[in-house]
Amino acid sequence: MSADVAVALQQPLERISVEMVFRSLYFFERARCLRRATPTQNPQLQLIPWLVEYQRSMGLVKAIRQRHRRNAARSLDIWASALT
């Protein structure tokens with residue numbers, strides 16, 4: 001499921017918080033129950049599009065920390081000559 005969210009958000013899998021994806025299932029189920037109660041709304045709510053829509057409030061994408069930026073810059077310095 002996390003891989004599907006990563007593809008939908010166009011993010012690498014390691015940036016998706018697996019814990020937050022599974023925590024958001026509770027809120028998705030609550031949204032589905034509420035939508036079933038009102039006939040004017042769509043009862044066919046889909047999980048992945050819903051997660052994409054509410055990904056910010058659910059905290060699905062991990063923040064890029066300062067140490068990750070430093071490590072990426074250091075790695076680029078080390079391997080830059082091999083990449084060109």
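The model is a predicted one, where local features need pLDDT of at least 70, side-chain atom pairs count only at pLDDT 80 or more, and totals for chains, interfaces and linings use all residues. Residues are numbered from 1 along each chain as its sequence is written, and side-chain values use heavy atoms, with hydrogens and water left out.

Let's start with the charges. If a salt bridge means a side-chain nitrogen of Lys or Arg within 4 Å of a carboxyl oxygen of Asp or Glu, the count is two. In one, Arg-23 pairs with Glu-19, with 3.1 Å between the closest N and O atoms. These two sit four residues apart in helix α2 (residues 18-37), so about one helical turn separates them. Helices here are DSSP runs (H or I, at least four residues), numbered from the N terminus. Glu-19 has a relative accessible area of 48%, so it is partly exposed; that label covers the range between buried (under 20%) and exposed (over 50%), using a 1.4 Å probe and protein chains only.

Arg-32 bridges to Glu-29, the closest N and O atoms being 3.7 Å apart. Both lie in helix α2 too, three residues apart, about one turn. Arg-32 is partly exposed at 29%, and Glu-29 is partly exposed at 32%.

Now for the greasy side: Leu-76, Ile-78, Trp-79 and Leu-83 make a nonpolar surface patch with about 490 Å² of accessible area together. Patch members have over 30% relative accessible area and no salt bridge, with nonpolar side chains joined within 5 Å; areas come from Shrake-Rupley with a 1.4 Å probe. Trp-79 belongs to helix α5 (residues 66-83) and counts as exposed because its relative accessibility is 52%.

Conventions:
Patches are made of residues with over 30% relative accessible area and no salt bridge: like charges are joined within 9 Å, nonpolar side chains (Val, Leu, Ile, Met, Phe, Trp, Tyr) within 5 Å.
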